[in-house]
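Hello,

Here is the structure I said I would pass on to you.

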Amino acid sequence: RAPLAALTIVATLALGLALVGAVFAVDSMIFLHDDAVRAPGELFALEREGPHGGEAFTRLEYEAIRDETSVFTDVVAVLQPVITHIEGRRLSSALVTGNFFHALGVSPVLGRSLTPQDDEPGAARPVIALSHRG
């Protein structure tokens, strides 16, 4: 009976649904994205409990786990993150083994990734990987 009213209602509903879809798309890009890690469901963490919380594995223990087990496809070591502030900005860092990025299946946008030779005792020079995300 009132085609203009019906057209207004349909247009309003369509515009509202499009707006909800656009908001969800932007929201999911920001908050619901997966990290670029290959097969995150296959990652496991080994930790040692000590009297003061988690205690680090020694280098010899890490190498034994890495070399003498067939349970894992790869083994990496991560030393607890270090939080610091430089010029008022909070920065976090971690010491990782050279195969860290390869085991996670990620590669750098620029430059090169760490290699197993980078964490060998007596390596030529220290190497750092920077991230733009906090």
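Let me start in the loop between strand 4 (89-96) and helix 3, where you will find threonine 97. Please keep in mind throughout that this is a predicted model. Is threonine 97 buried or exposed? Its relative accessible area is 6%, and the cut-off for buried is under 20%, so threonine 97 counts as buried. The side chain of threonine 97 is joined to that of asparagine 99 by a polar contact of 2.7 Å. If you set aside the neighbours within four places in sequence, threonine 97 is in contact with Tyr62, Val76, Ala77, Leu114 and Asp119.

**The chain as a whole**

Stepping back, the protein chain has three helices and four strands. Along the sequence they follow the pattern α-β-β-α-β-β-α. Of the 134 residues in the protein chain, 7% are buried, and threonine 97 is one of the buried residues. The accessible surface of the chain comes to about 11700 Å², and carbon and sulfur atoms account for 63% of that surface. As for contacts between residues at least 6 apart in sequence, 29% of them join residues at least 24 apart.

**Helix 1**

Helix 1 covers residues 3-31, which is 29 residues. From its first C-alpha to its last it reaches 42 Å, close to the 42 Å expected at 1.5 Å a residue. How many of the 29 residues of helix 1 are buried? The number is zero, so helix 1 lies largely in the open.

There is also a nonpolar surface patch to look for, made by Val26, Met29, Ile30 and Phe31, with an area of about 460 Å². Methionine 29 belongs to helix 1, and its relative accessibility of 61% means that it counts as exposed.

**Salt bridges**

How many salt bridges does a search of the whole structure find? There are three. As background, side chains of opposite charge can pair when their charged atoms come close.

- Glutamate 63 and arginine 59 meet through their side chains, at 3.1 Å from N to O. These two residues are four apart in helix 2 (residues 59-68), so about one helical turn separates them. In general, an α-helix has 3.6 residues a turn, so residues three or four places apart point the same way. Arginine 59 is partly exposed, at 31% relative accessible area.
- Aspartate 67 pairs with arginine 66, and their closest N and O atoms are 2.9 Å apart. Aspartate 67 is exposed, with a relative accessible area of 52%, whereas arginine 66 counts as partly exposed at 30%.
- Arginine 112 and aspartate 118 also meet through their side chains, with 2.9 Å from N to O.

**Glycine 111**

One last stop is the segment after helix 3 (100-104), where glycine 111 lies. With 72% relative accessibility, glycine 111 counts as exposed. How far apart in space are glycine 111 and alanine 129? They are 9.1 Å apart, C-alpha to C-alpha, with a separation of 18 residues in sequence.

Happy exploring, and do write back with any questions.

Best wishes

Conventions
Residues numbered from 1 in each chain as written. Predicted model: local features only at pLDDT ≥ 70, side-chain atom pairs only at ≥ 80, totals over all residues. Heavy atoms only, no water. Expected span 1.5 Å × (residues − 1). Buried < 20%, exposed > 50% of the residue type's maximum accessible area, 1.4 Å probe, protein only. Patch = residues over 30% accessible without salt bridge, like charges linked within 9 Å, V, L, I, M, F, W, Y side chains within 5 Å. Areas by Shrake-Rupley, 256 points an atom, 1.4 Å probe, with all protein chains shown as cover. Salt bridge = Lys/Arg side-chain N within 4 Å of Asp/Glu carboxyl O. Polar contact = N/O pair within 3.5 Å; in protein donor to acceptor, adjacent residues only side chain to side chain. Contact = heavy atoms within 4.5 Å.
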